[in-house]
Amino acid sequence: MVDNSNSDLNRGVYGSIFKSSLDAMLITKPDGSILAANPSAEKMFRMTQEEIIIAGRERLLVQDESLKSALHQCVQNGRVKAELTFQRKDGSLFHGEVTSTIFTDADGMIKTSMSIRDITPRKQNEKALKESKARYKSLYETMIQGVVYQDKKGRIVSMNPAAEKIMGYTFKQVKNRTSEDPIWQAIHEDYTPFPGDEHPSMVALKTGKEVKNVIMGVKYPPRGGYTWLNIHAVPEFENGQDKPYQVYTTFEDITEHRKIEEELKRHAALLDVSYEAIFSWNFDSKILSWNQGAERLYGYSYHEAIGARGHELLKTEFTGGFQEILKKLDQDQTWSGELIHQMKNGKKIIVESRLQLITDISGEKIVLETNRDVTNRKKVEEKLKEAMNNLEEQVEERTQELIRANDYNRNLIETSLDPQVTIGPDGRITDVNRATEKVTGYSRVELIGTDFADYFTNPEDAKKGYQQVFHYGLVRDYPLEIKHKNNSLTPVLYNASVYRDEHGEVVGVFAAARDITERKNAEEELRKYWENLEEQVKLRTEELAKSNADLKQFAYVASHDLREPLRMITNFLQLLERRYKDKLDDDAREFINFAVDGAKRLDSMIIDLLEYSRIANKDVMFTEVDLDKVLDKIKLNLNIAINENHARITHDNLPTTLRADENQMVLLFQNLIGNAIKYRSENEPKIHVSCKKQRNFFQFAVRDNGIGIEPKHLERIFTIFQRLHTHQEYEGSGIGLSIAQRIVHQHGGEIWAESELGNGTTFYFTLRS
C-alpha cells in the first residue's frame, strides 16, 4: 500500500531523478518502515515496490554491527556513507554501497533518502586481489631462489628471505644500495672484478631487456669467502612507458656446484697420472675424455680419440654383445669383464674392463671406462690351464673323496698354488690351504683362529684390506708382504671377496694372494739397469762435451787459417789490378774482378760458418725474454732496410716472459724478417708476426707478401749455404735459415715453411713454453 502523502515525489526534478536513477533508492521513516522504492530498487531486490514497502528495512538489510554503526552515524550527522549487506526476495545476499541522508518534507515529517549501489563484483574482485596478494607474498617469502627488486636508479627496494640467506645480508643492511656499491666485491668466473654497471640488473635497466644465466661471485660476510650466483634479471614497465621503472632479479646459490666442478677438475688431473687407460663416452659412443694412460696403451693421441666412436676406434670385440653390456649398465650402473681391443699399430690386446654409468652435472648419462692390459697374464693362464688339464682330473677324483669326507668343498683352495684363506667377520682365520702353510711356515691348525693381520709386515694395512672387503664386497690387487716364520718375506697382491650362506648373509671373506717375487726381482733388475744406464749416459755426455770443445777449437783455427790466405789473394789481386791497370785488357780486368768477388764471398761464407758454429756450440743462456722489446731492437737494427723498402712490420700480442736466450731470439727473428724484406715482390713489404699458445709450447708465424717459394724447394731451404737465387739477383751466403733452424732446435722446437710462388711465404716455428 503506497502512502499517498508521498505523491509530491512524483513532481519536480527530485521525482524525475528518483525514478530514473540507476542506483536503487528508498525513502524510509526513522522507525525503518519504507515509504517508496524506485524501479532500480525493484530490479535490485527482485521485488515490486509494494513487496519492498511490506518487507521493510529489517528484512532487506542484514542486521549486523555495520548496520548499527551506519544508523548511529546517520542520526548523529544527518548523513552517512557505508557498505552494508542486503537480502533479495529469494534470500540471496549482496553487498551494497549506501548513501543515506535525513531530510524533512514539506509537511515537516522527518524522512531518510537511501541510495544503494550493488558492489558485489567489486567486493569479489577485492577478495580475489587480496587472496592473490597473500599467495604472492607467501611465494615471495618461501621461495628457495633469492629475489631482489631495484628501482629505476638501481637502488634496492625489496628482497625476500632467501636472498638475505644466500647473500649474507639483511634487507636493512642493503636497503637503497646499488649494484655499484663496493660492499659486493663482485667477481667474474675467472676471478676478475665484475664492475657494478655491468651487473645483470643494471644492464636490464639500461637496455630494457632480460639478462639470463649470468654467473657472478659476491662477498659472503658470514664465512668470509664468496657465494656464487646464477642470475636472471627482468625489467618491468608501466603502461605506455619504453623505459623500465624497476627491475627484479632472481638468483640461485651455485656455490656447491662450483665446488663440484673444481673437484671434477682435480679428479681429471688425477686420472691423467693413472697407469690404467681411462676414458668416458656418451650413449652415442662418442669419446668425451681420454687420459694419458689411454694414449700409452692404445697409441691414439688425445686429439685423435676425442669425438671418435670409441668401440669403432678400438675395434672392440665383445664376448656377450654390446647391447647386453648396456642393459647391465642400465640395471646395475656398473659392468666388468674382458674385451678385445685393437691398438693403433694393429696389435690386438685383451683388456680387463670396468664400466660405470654416471651422471654429470648437466644431467647427461655418460660411461666411465677403465681398462688394464691383461694380454700377457691371459697367455700365462692359458699355458697354466694346459699344464693343469691332467691335474684337474686328479683334483676331481680327490674332490669326490673329500666331499664324502667333509661337509664343504675344501679341495678348491687346496689345489691352488696361490696362498688362500677364509676370514671371519672378527678378522680371524677360519681356514687356509697348503700354499698358505708353506708361505707362512705355520700349520693349518696353528693358523686357524688367529688374527689374519698378524702374518704381514704391516698388520694395519692387512686389517684395512679385509675391512674394505666387508664394506665394498671385494678388493683387487691389494699389495701386502707376508712374513714367514723364519722371517723371510714374500711380496703378494691379494684379491678378495665376501662369501655368503644359503640365506644370502655375508659370513666371511675369501682371499687369494699372488706371489709377485719374480716381478719385484725384475723391477729391481730394471732399476739397476737404469742406474747403470745413467752412469753410461753421464760418461757419454762428458765425452761429447770434450768433443764439442775440440770442435770449437778446430773451427776457430780452420777459419783463421782459411781467411788469412783469402785476404792475401784478395790484396794481391787488387794490387795487380791497380799496378798493371793500363797493361791489362778488359777480359783480364773482368777475370780479376771475378776472382776478388769470389774470394770476398768465400770470406763471407767462412764468417757465416763461424757464426753457425758459435751458435751450435754456445751454451744457451735462458732468461725471461720480452718479445715486444726484441722486435723493437730488430726494427732498430734493420732501420735502413725498412725505410728504403717502405716495409710495414706488425705483430699480435707476443709473450713477454718467454724462457729463452735473448740474443738468439734477436738473431732468429732478424733473419726471418730480414729475408722477408730482401725477397720482396713489387708491392711494399708487409710482414706480420703472430703467436698462439698450444699445450706446452708457443707456435709463432712470420708471414710476408714477398716473391714466395716453389713448394718443391721448401725442404732444402734450411740446408747450410743452400741458395735458390744467384748472387747477382740477391746478396747473401744462404746460411741465415740454417742459423734460424739451429736456434729453434736448441730451444726444443721445430721450424718449417709454407709458400707458393708469387703468393708470399709463412715461416712457422715452435718454442717450449
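From strand S16, Gln 420 and Thr 422 point one way while Val 421 and Ile 423 point the other way, and all are buried, where buried means under 20% relative accessible area, exposed means over 50% and partly exposed lies in between, with a 1.4 Å probe and protein chains only. In a regular strand the side chains alternate between the two faces of the sheet. This is a predicted model, in which local features need pLDDT of at least 70 and side-chain atom pairs count only at pLDDT 80 or more, whereas totals for chains, interfaces and linings use all residues. Residues are numbered from 1 along each chain as its sequence is written, and side-chain values use heavy atoms, with hydrogens and water left out.

Strand S16 covers residues 420-423 and is joined to S20 by four bridges, the two strands running antiparallel; strands here are DSSP runs of E with at least two residues, helices are runs of H or I with at least four, and both are numbered from the N terminus. Two strands count as paired if DSSP finds at least two bridges between them. Along this pairing, Gln 420 stands opposite Ala 512 in S20, and Ile 423 has Val 509 of S20 as its bridge partner. S16 is also joined to S17, by three antiparallel bridges, and there the bridge partner of Thr 422 is Asp 431. The hairpin of S16 and S17 has five residues between the strands, and within it Gly 427 takes a positive phi near 85°.

These pairings belong to an open sheet of five strands in the order S17-S16-S20-S19-S18, with antiparallel pairing. Strand S17 (429-432) and strand S18 (474-483) stand at the edges, and because each has a single partner strand, one side of each is left without a neighbour in the sheet. From one strand to the next the twist averages 30°, with axes taken as lines fitted to C-alpha atoms, for helices over the stretch in contact, and angles running from 0 to 180 degrees between N-to-C directions. Strands of a sheet pair through backbone hydrogen bonds, either parallel or antiparallel.

Helix H18 (residues 459-472) lies across S16, S18, strand S19 (489-500) and S20, running at about 160° to S18.

Strand S20 (residues 506-515) includes Asp 515, which counts as partly exposed because its relative accessibility is 43%. Leaving aside neighbours within four places in sequence, Asp 515 is in contact with Thr 490, Pro 491 and Val 492, contact meaning heavy atoms within 4.5 Å. Asp 515 and Glu 481 are 34 residues apart in sequence and 9.5 Å apart in space, C-alpha to C-alpha. A polar contact of 2.5 Å joins the side chains of Asp 515 and Thr 517; such a contact is a pair of N or O atoms within 3.5 Å, of which, within protein, one must be able to donate a hydrogen and the other to accept it, and residues adjacent in sequence count only if both atoms are side-chain atoms.

Elsewhere in the chain, two threonines can be set side by side. Thr 370 is found in strand S15 (residues 365-373) and is buried, with a relative accessible area of 11%; not counting residues up to four places away in sequence, Thr 370 touches Glu 276, Ala 277, Ile 278, Glu 352, Ser 353 and Arg 354. Thr 766 lies in strand S27 (residues 761-768) and is buried, with a relative accessible area of 11%; under that sequence limit of four places, the residues touched by Thr 766 include Phe 697, Phe 698, Val 744 and Trp 752.

Turning to a helix, H3 (residues 49-60) spans only 13 Å between its end C-alpha atoms, whereas a straight helix of twelve residues would span 16 Å at 1.5 Å a residue, the expected span being 1.5 Å times one less than the number of residues. Among the buried residues of H3 are Ile 52, Ile 53, Gly 56 and Leu 60, and the buried residues of H3 pack against strand S1 (24-28), strand S2 (34-37), helix H2 (39-45), helix H4 (65-77) and strand S3 (79-87).
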